[in-house]
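Please examine the sequence and the three-dimensional structure shown below. The paragraphs that follow lead through selected helices, their packing and several individual residues.

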Amino acid sequence: MARAQTTQRKVIATAAAWIIGLAIFFPILWTILTSFKTEADAIANPPKFLFFNWTLENYGVVQDRSDYTRYLWNSIVIAGGSTLLGLIVAIPAAWSMAFVPGRRTKDILMWMLSTKMLPAVGVLYPIYLVMIKLGVLDTKGALIVVLMLINLPIIIWMLYTYFKEIPGEILEAARMDGATLREEIIHILTPMAIPGIASTLLLNIILAWNEAFWTLNLTAAKAAPLTAFIASYSSPEGLFYAKLSAASTMAIAPILITGWFSQKQLVRGLTFGAVK
C-alpha cells in the first residue's frame with residue numbers, strides 16, 4: 001500500500017511538473033512558431049498553431065534590416081562585463097559583512113535593498129545628464145557601470161547569504177596557518193562558495209541581458225544591445241508580429257543554446273560524480 005501511494009505521488013508530481021514547465025515555456029514556443037508565419041497567419045483568428053505556411057522570410061528581412069551580430073556582441077559585453085565587475089566589488093563587501101560584521105551591518109544591507117524600491121525613472125534624468133557631461137552616452141562602458149550599480153544590491157545579498165553558511169572556523173584556521181586576507185578570499189573562501197557565486201553570476205547575467213529600460217534610454221546606435229534590436233520592430237506604423245517574433249527568437253537563441261549545453265554538462269558531471 002505504501003509503495004502504491006509513493007508511486008502515485010511520483011506520477012502526480014511528475015505530471016504537475018510537466019504541466020507547469022510547459023505553461024512557462026508556452027510563450028517562448030508561441031514566439032518561435034510565430035516567427036515562421038507570414039504576417040497574415042500571425043494575426044489570424046482563430047490562431048494557427050502548427051498548420052500554416054512555414055516560411056523563413058522573416059529571418060531574412062530581420063537580418064537584412066539589422067546587424068544582428070553587432071547587437072549580440074553588445075549584449076554579451078554589457079551583460080558579462082556588468083556581472084564580472086559586480087562580482088569583483090561584491091565578493092569583498094559580502095565577505096566583510098558575513099565574517100567581520102559591525103553594529104550597522106544589517107542596517108546597511110536593508111538600506112542597499114531599499115534602493116531597489118526606487119523607480120528607475122526617478123534617477124534616469126540625473127544619470128542621463130551625468131553621461132552627457134562626461135561624454136559617455138551611448139557607450140558600452142557607461143552602461144556596464146550603470147547595470148552593475150543597479151544589480152549590486154542583489155549580488156551582495158546573494159553572496160552574503162552563501163558566505164554566512166560557510167563555517168568561520170575554516171577561515172580562522174587559514175589565518176593561523178599564515179594566510180593573508182587576499183589569500184583567504186581567493187584560495188579559501190571563493191572555492192568553497194563556487195556554487196553560490198555561479199548561481200549569482202547566472203542570475204545577474206539574465207537580469208543584465210533582459211534589461212530594457214536603461215538600454216533603451218542610454219543607448220542609440222553604438223552600444224545598443226538585443227533589447228534595442230527587438231524594440232526597433234515596434235514601429236508607429238503598427239506591430240509586425242511575425243518579424244518581431246523572429247527578432248525575439250534570434251535574441252533568446254543564445255540563452256536557450258547556452259542553457260541547453262549547461263544543463264547537459266551539469267547532468268554529465270552529476271552522473272560522473274555518482275558513478276565515481
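Ala-94 is located in helix H4, which covers residues 68-99; helices here are DSSP runs of H or I with at least four residues, strands are runs of E with at least two, and both are numbered from the N terminus. The model is a predicted one, in which local features need pLDDT of at least 70 and side-chain atom pairs count only at pLDDT 80 or more, whereas totals for chains, interfaces and linings use all residues. Residues are numbered from 1 along each chain as its sequence is written, and side-chain values use heavy atoms, with hydrogens and water left out.

With a relative accessible area of 0%, Ala-94 is buried; the term buried applies under 20% relative accessible area, exposed over 50% and partly exposed in between, for a 1.4 Å probe and protein chains only. Apart from neighbours within four places in sequence, Ala-94 is in contact with Ile-156, Leu-159, Tyr-160 and Phe-163, where contact means heavy atoms within 4.5 Å. The C-alpha atoms of Ala-94 and Ile-155 are separated by 8.8 Å, although the two residues are 61 residues apart along the chain.

Helix H4 also packs against helix H10. Two packed helices are described by the angle between their axes and the distance between the axes. For H4 and H10, the axes come within 9 Å and cross at roughly 140°; axes are lines fitted to C-alpha atoms, for helices over the stretch in contact, and angles run from 0 to 180 degrees between N-to-C directions. H4 is therefore oblique to H10, since angles under 35 degrees count as roughly parallel, over 145 as roughly antiparallel, 65 to 115 as roughly perpendicular and the rest as oblique. H4 passes H10 in a right-handed crossing; a crossing is right-handed if the near helix is turned clockwise from the far one by less than a right angle, and left-handed if anticlockwise. On the H4 side, the contributing residues include Leu-72, Ile-76, Ala-79, Thr-83 and Leu-87, and on the H10 side they include Ile-197, Leu-201, Asn-204 and Trp-209. By class, the contact of H4 with H10 has 11 nonpolar, five polar and no charged residues; Ala, Val, Leu, Ile, Met, Phe, Trp, Tyr, Cys and Pro count as nonpolar, Asp, Glu, Lys and Arg as charged, and the others, Gly among them, as polar.

H10 itself comprises 17 residues, 194-210, and spans 24 Å from its first C-alpha to its last, close to the 24 Å expected at 1.5 Å a residue; the expected span is 1.5 Å times one less than the number of residues. Which residues of H10 are buried? They are Gly-196, Ile-197, Thr-200, Asn-204, Ala-208 and Trp-209. An α-helix has 3.6 residues a turn, so residues three or four places apart point the same way.

The contact of H5 with H7 consists of eight nonpolar, no polar and no charged residues.

Ile-170, Leu-171, Ala-174 and Arg-175 of H8 make the contact with Glu-184, Ile-188, Leu-189 and Met-192 of H9. Sorted by class, the contact of H8 with H9 has six nonpolar, no polar and two charged residues.

Several loop residues complete the account. Asp-138, in the loop between helix H6 (121-134) and H7, is buried at a relative accessible area of 11%. Phi of Asp-138 is near 65°, a positive value in a residue other than glycine. Thr-219 lies in the loop between helix H11 (213-218) and helix H12 (226-231) and counts as buried at 11% relative accessibility. Beyond its neighbours within four places in sequence, Thr-219 is in contact with Asp-138, Leu-143, Trp-214, Ala-224 and Pro-225.
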